[in-house]
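Here's a quick briefing for anyone opening this model for the first time. Take a look at the sequence and the 3D view, then read on.

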Amino acid sequence: MVTSFSPGDLADQFDIRCAFDYDHYDILLLYTLIPLVFVGFVFILHVNFSARSSKHKQALRRESINTVLYLTFVIYPGVSGVIFATFQCIDFEQADGIEIFKSTLSHDFRISCG
């Protein structure tokens, strides 16, 4: 049984970081839009099938809600992790013996915090 899924898992499996240049904000956008696309897809299927079959409307409605809730439950941990990672910064006070005071995002050192 699948207990969690995140869109970044696919990116890690196929290692597309070599082909495309993206940062943490692109991943954040992807992780927050994918669940909305899933819900929209289920809604479109629900509307399409309920227009065709009037006698099974209640069962179709129940299955659509169950599908949306299951997808939300499965995708939620990955989405939450990326959203919370947006607020984790690391402070660097010294690098190579040179005093610097820089704060960067812990998951992407290219992004400066504040």
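Which two residues have side chains that meet in a salt bridge? They're Arg-110 and Asp-108, with 3.0 Å from N to O. Keep in mind that this is a predicted model. The protein chain has 3 helices and 3 strands, and from the N terminus on they run α-α-α-β-β-β.

**The chain as a whole**

- Of the 114 residues in the protein chain, 23% count as buried.
- The accessible surface of the protein chain is about 8700 Å², and carbon and sulfur atoms account for 64% of that.
- If you take the contacts between residues at least 6 apart in sequence, 48% of them link residues at least 24 apart.

**The salt bridge and Arg-110**

- The structure has 1 salt bridge, the pairing of Arg-110 with Asp-108.
- As background, side chains of opposite charge can pair when their charged atoms come close.
- Arg-110 belongs to strand S3, which covers residues 108–112.
- The side chain of Arg-110 also reaches the backbone oxygen of Tyr-22, at 2.7 Å.
- Setting aside residues up to four places away in sequence, Arg-110 touches Asp-21, Tyr-22 and Asp-23.

**Over to His-24**

- His-24 is 86 residues from Arg-110 along the chain, yet their C-alpha atoms are separated by 9.1 Å.
- You'll find His-24 in helix H2, which spans residues 24–52.
- His-24 has a relative accessible area of 6%, so it counts as buried.
- Which residues is His-24 in contact with, leaving aside neighbours within four places in sequence? They are Val-82, Ala-85, Thr-86, Leu-105, His-107, Asp-108 and Ile-111.
- One of those contacts, Asp-108, is also the salt-bridge partner of Arg-110.

**The disulfide**

- There's 1 disulfide in the structure, and it joins Cys-89 to Cys-113 with an S to S distance of 2.0 Å.
- Cys-89 is in strand S1 and Cys-113 is in the segment after S3, so the pair ties together parts that are 24 residues apart in sequence.
- In general terms, a disulfide is a covalent bond between the sulfur atoms of two cysteines.
- Is the disulfide of Cys-89 and Cys-113 left-handed or right-handed? The torsion about its S-S bond is about -85°, so it's left-handed.
- Cys-89 is partly exposed, with a relative accessible area of 37%, whereas Cys-113 is buried at 15%.

- Ile-90, Phe-92, Ile-98, Ile-100 and Phe-109 make a nonpolar surface patch of about 420 Å².
- Strand S1 (89–95) and strand S2 (98–105) are the elements that give two or more residues to the nonpolar patch.
- Phe-92, one of the patch residues, is in strand S1.
- With a relative accessibility of 32%, Phe-92 counts as partly exposed.

Technical notes. Residues numbered from 1 in each chain as written. Predicted model: local features only at pLDDT ≥ 70, side-chain atom pairs only at ≥ 80, totals over all residues. Heavy atoms only, no water. Helix = DSSP H or I, 4+ residues; strand = E, 2+ residues; numbered from the N terminus. Contact = heavy atoms within 4.5 Å. Polar contact = N/O pair within 3.5 Å; in protein donor to acceptor, adjacent residues only side chain to side chain. Patch = residues over 30% accessible without salt bridge, like charges linked within 9 Å, V, L, I, M, F, W, Y side chains within 5 Å. Areas by Shrake-Rupley, 256 points an atom, 1.4 Å probe, with all protein chains shown as cover. Salt bridge = Lys/Arg side-chain N within 4 Å of Asp/Glu carboxyl O. Buried < 20%, exposed > 50% of the residue type's maximum accessible area, 1.4 Å probe, protein only. Disulfide = S-S within 2.5 Å.
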